[in-house]
Amino acid sequence: MEFIFIKRTYILIRKILWVMIAVFFLCFLLLAMFSNLVGAAISAMGSFFFGYFLIHAIFEKEEKNNGFQLLIAMPYERRTIIKNFYSIVIGGAIIAWGMISLLGLLIASIQKINWSFVGGGIVFGIEGIFFGILLPICFKYHYQKAVLCSQVFLFSFAMIFVLLSKSSWISWERIASIYSGWYDVAGIFIGILAFFLSYLVSKAIFEARDF
């Protein structure tokens, strides 16, 4: 079912998807060319925001076209539907990360800048937690409620990050000085665990939901 589901989702969001791709790659091309942010920072931001808007595009179109009702009327188990949704979101974010990384490596080689993937695993863990919370919300509520919840959560997350960055309790220089590759390994593990637990929660919500 995976290919059929991916094709169906692409047909559903193809117009907005190509606009998203064009805007994102233009923005991150400019970011890579005219900023000091390189490596994991650019790739992570790209995959994060691409995944975020991809989720909203999919769920908006599904609700407007009664997509969930049509899907559960087909001979597919609900857990299979959930699994494919997760595959598309995670796969989309990973593809965006890969393409932005390749673009960044090309720009870095032209501009003679070092491109580093340090911290990429940590960012993957943060993304896993964020998307792991956002997806069950989208499956639980209607699109408008899900958008409101996700915006509140994103704003809260941004505020916490800003407060931590300004706090005297945390020294980012000290964190950077004790950085180890094992942090990235731990981040990847946390991200995978978050997605797995999120999948179980979403499956339970979707199986219990009355359409």
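Trainee: Leaving aside neighbours within four places in sequence, which residues is phenylalanine 131 in contact with?

Mentor: Happy to start there, with contact meaning heavy atoms within 4.5 Å. This is a predicted model, where local features need pLDDT of at least 70, side-chain atom pairs count only at pLDDT 80 or more, and totals for chains, interfaces and linings use all residues. Residues are numbered from 1 along each chain as its sequence is written, and side-chain values use heavy atoms, with hydrogens and water left out. Beyond those neighbours, phenylalanine 131 touches Ser47, Phe48, Gly51, Tyr52, Ile55, Pro136, Phe195 and Ser198.

Trainee: Why is the pair of phenylalanine 139 and phenylalanine 206 edge-to-face?

Mentor: Rings of Phe, Tyr and Trp (its six-membered ring) pair if their centres lie within 6.5 Å; planes under 30 degrees apart count as stacked, over 60 as edge-to-face and the rest as tilted. Here the centres are 5.7 Å apart and the planes stand at 70°, so phenylalanine 139 and phenylalanine 206 are edge-to-face.

Trainee: Which helices does that pair of phenylalanine 139 and phenylalanine 206 link?

Mentor: Helices are DSSP runs (H or I, at least four residues), numbered from the N terminus. The two residues are 67 apart in the chain. Phenylalanine 139 lies in helix 5 and phenylalanine 206 in helix 8 (residues 181-208).

Trainee: Are phenylalanine 139 and phenylalanine 206 buried or exposed?

Mentor: The cut-offs are under 20% relative accessible area for buried, over 50% for exposed and partly exposed in between (1.4 Å probe, protein chains only). By that scale, both phenylalanine 139 and phenylalanine 206 are buried.
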